[in-house]
Structure formats: C-alpha cells, structure tokens
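Have a look at the fold, then read on.

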Amino acid sequence: MGICLRELRESFVCLKIIEKANLTTHINELSNAKTEVNELISIFVSSIKTAKANMK
C-alpha cells in the first residue's frame, strides 16, 4: 500500500505540472483526474493508518 500511495502522490504532482504548464486543453478531464487521484490518496492514507493500528 505504501508503494501505491507514493505512486499516487507522484501522479498528482505530474497532473499539477501538466496543469501549471498548460500542456493540455482538456481542463475538465485534468481536473477530474486530479480529484480522483486526491480521493485515492485519502483512501490509501486511511488504509495504511488502519493497518498500522491493527498491527499493534
């Protein structure tokens, strides 16, 4: 799960770079992708916290 979280964060940064550099004209799709990745990041953070708590 940690590797997935790291990759999601990297993807989010890449999407932000694409947005800031105006590398696409598909603003709605880019915004949707950023929202989706951000939601997945939240899910994985919660899952990792839960898994760590259950190990104790």
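## Around isoleucine 41

Isoleucine 41 is in contact (heavy atoms within 4.5 Å) with Leu5, Leu8, Arg9 and Phe12, once you set aside its neighbours within four places in sequence. Keep in mind that this is a predicted model, where local features need pLDDT of at least 70, side-chain atom pairs count only at pLDDT 80 or more, and totals for chains, interfaces and linings use all residues. Residues are numbered from 1 along each chain as its sequence is written, and side-chain values use heavy atoms, with hydrogens and water left out.

Ile41 also belongs to the largest nonpolar core, a group of seven residues that also holds Leu5, Leu8, Leu15, Leu30, Val37 and Ile48. A nonpolar core here is a set of buried Ala, Val, Leu, Ile, Met, Phe, Trp, Tyr and Cys residues joined through side-chain atoms within 4.5 Å. Buried means under 20% relative accessible area, exposed means over 50%, and partly exposed is in between, using a 1.4 Å probe and protein chains only. Helix 1 and helix 2 each put at least two residues into this core, and helix 2 gives the largest share, four residues. As background, nonpolar side chains tend to be buried together in soluble globular proteins.

## Two helices, no strands

The chain has two helices and zero strands. Both kinds of element are DSSP runs numbered from the N terminus: helices are H or I with at least four residues, strands are E with at least two. Helix 1 covers residues 2–20 and helix 2 covers residues 27–55.

Leu30, Lys34, Val37, Ile41 and Ile48 are the buried residues of helix 2, and helix 1 is part of what covers them.

## The salt bridge

How many salt bridges turn up? The count is one, with a salt bridge taken as a side-chain nitrogen of Lys or Arg within 4 Å of a carboxyl oxygen of Asp or Glu. Lysine 34 pairs with glutamate 19, and their closest N and O atoms are 2.7 Å apart. The pair links distant parts of the chain, 15 residues apart, with lysine 34 in helix 2 and glutamate 19 in helix 1.

Leaving out residues up to four places away in sequence, lysine 34 touches Phe12, Leu15, Lys16 and Glu19. In general, side chains of opposite charge can pair when their charged atoms come close.

## Cysteines without a bond

Searching the whole structure gives zero disulfides, a disulfide being a pair of cysteine sulfur atoms within 2.5 Å.

Asparagine 22 is in the loop between helix 1 and helix 2. Its phi is positive, about 55 degrees, although the residue is not a glycine. For reference, most residues other than glycine have a negative phi. Asparagine 22 is exposed, with a relative accessible area of 63%.

## Overall shape

The C-alpha trace spans about 50 × 15 × 10 Å along its principal axes. The chain's radius of gyration is 14 Å, whereas a compact globule of 56 residues would be near 10 Å; the radius is taken over C-alpha atoms, and the globule rule is 2.2 Å times the number of residues to the power 0.38. Of the 56 residues, 14% count as buried.

Among contacts between residues at least 6 apart in sequence, 63% join residues at least 24 apart. Glutamate 10, in helix 1, has its C-alpha 10.0 Å from that of valine 37, 27 residues along the chain.
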